[in-house]
Amino acid sequence: MSDALSTLPLRTWVDAWNDANHTFYTHHAPEQHFRTSIDASAAIARRIAALLAPAPEHSRPATDSSLPRCIVDIGSGSGALLTQLAALVDDEVTLMGVDVRPRPDDLPAAILWRQVRVTRDVEDITGMDGRITGLVIAHEFLDDVACPVIELDDDLRPRIVQVEAATGAEVLGPDLADPAAEALLGGISPSQARAWLDRWWPATKPLARREVGLPRDLLWRRLTRILASGHAIAIDYAHRLDDRRSGLWDGGTVKGFVDGAPCRPRPDGSVNITSHVALDSCASPHATVRSQFDVLSTSAVGSRSLASWPPDLGSFDWLIEPCTPAPATPALSETMVG
Ligand SMILES: C[S@@+](CC[C@H](N)C(=O)[O-])C[C@H]1O[C@@H](n2cnc3c(N)ncnc32)[C@H](O)[C@@H]1O
């Protein structure tokens with residue numbers, strides 16, 4: 001990577017990544033480019049259906065009994081998960097896909113669809129936010145959410161990596177203490193980025209790379225506020241604090257994907273840009289993070305179907321977050337406490 005002044009039209013990684021994925025998904029259906037574990041097996045759908053709380057008894061004076069029961073799938077893609085769920089849950093459960101893409105032509109009529117570009121600032125994602133109970137699912141959604149990309153220099157100072165969108169060529173930009181950093185972090189402040197790195201991905205050695213996961217933490221907080229009660233579940237490629245701290249992920253995890261294969265992460269909209277998710281930093285203190293293998297093999301789903309999965313499709317983690325009634329908007333500092 002160049003450390004010198006460049007004549008390239010540079011962008012911050014977070015801005016280029018954000019625009020690149022929007023362009024990519026505007027032009028490409030995800031199922032044309034990658035297979036997710038939803039496509040590999042119905043085991044995920046069966047486990048999710050089992051996590052949906054049973055309908056309240058008529059005699060029970062539960063405060064939520066009047067709220068519609070829903071499963072909302074954020075980044076629903078082809079709607080395959082919801083189509084599988086339709087066969088597994090009661091008819092009175094509303095199934096809703098939310099995606100930046102239009103409703104798939106072959107989606108069963110009973111499944112609702114909202115074409116929304118989800119960000120942490122969207123006011124009402126489902127049209128019923130805060131007035132439904134049930135489950136919110138984000139399966140391979142958070143890994144697409146753009147993050148600032150950082151590289152540690154020789155003095156272990158976190159420097160912002162900038163990128164030329166057309167080629168993926170990179171230049172090392174200012175460090176987080178530089179006043180210029182303020183405008184280069186996609187809406188989070190340098191002190192927030194610094195605090196996130198110190199807490200969730202501390203410095204190890206020169207040249208180590210990091211994606212600052214705070215934009216995902218904030219978006220996750222927003223998704224948990226869709227429900228008045230129930231659970232929000234994120235399922236994704238993930239890494240954990242102990243492994244990040246030990247340097248296991250020091251190469252960073254930003255990747256490009258196109259036509260079913262990994263490729264150079266060129267944020268020009270022609271490939272999907274993704275990176276592993278620090279699900280432990282997204283999680284509130286009440287949530288659990290478990291491996292997909294653990295979640296599925298200890299459930300009624302059974303582990304037999306897992307044995308036939310490609311190994312990378314079994315290496316996900318599940319973040320299971322209880323959603324409680326009347327959540328207040330958490331202060332940013334609260335989202336950073338694990
Ligand atoms: C990797 S695909 C996963 C699809 C599906 N959940 C699965 O696992 O098979 C990501 C999906 O998220 C959608 N998506 C990405 N960013 C989005 C955003 N900001 N708002 C809404 N949908 C988005 C894409 O259009 C795509 O359908």
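Which of the 17 residues around the ligand come nearest? The legends below describe a predicted model, in which local features need pLDDT of at least 70, side-chain atom pairs count only at pLDDT 80 or more, and totals for chains, interfaces and linings use all residues. Residues are numbered from 1 along each chain as its sequence is written.

**View 1. The ligand shell.** Tyr 25, Thr 36, Gly 75, Gly 77 and Val 118 come nearest to the ligand. A residue is near a molecule if its C-beta atom, placed from the backbone, lies within 6 Å of it. The shell is made up of six nonpolar, six polar and five charged residues; Gly counts as polar.

**View 2. The nonpolar core.** The largest nonpolar core has 79 residues, and Val 136, Ile 137, Ile 233 and Ala 234 have the most contacts inside it. Such a core is a set of buried Ala, Val, Leu, Ile, Met, Phe, Trp, Tyr and Cys residues joined through C-beta atoms within 7 Å. Leaving out residues up to four places away in sequence, Ala 234 touches Ala 138, Leu 142, Trp 220, Leu 279, Cys 282 and Leu 319 (contact: C-beta atoms, placed from the backbone, within 7 Å).

**View 3. Two loop residues with positive phi.** Glu 140, in the loop between β5 (132-139) and β6 (149-152), has a phi near 55 degrees. Glu 140 is buried, with 20 other C-beta atoms within 10 Å (buried: 20 or more; exposed: 12 or fewer; partly exposed: in between). Leu 207 lies in the loop between α5 (190-200) and β9 (209-211), and its phi is near 80 degrees. Leu 207 counts as exposed because it has 12 C-beta neighbours inside 10 Å.

Conventions: Two residues are in contact if their C-beta atoms, placed from the backbone, lie within 7 Å. Helices (H or I, at least four residues) and strands (E, at least two) are DSSP runs, numbered from the N terminus.
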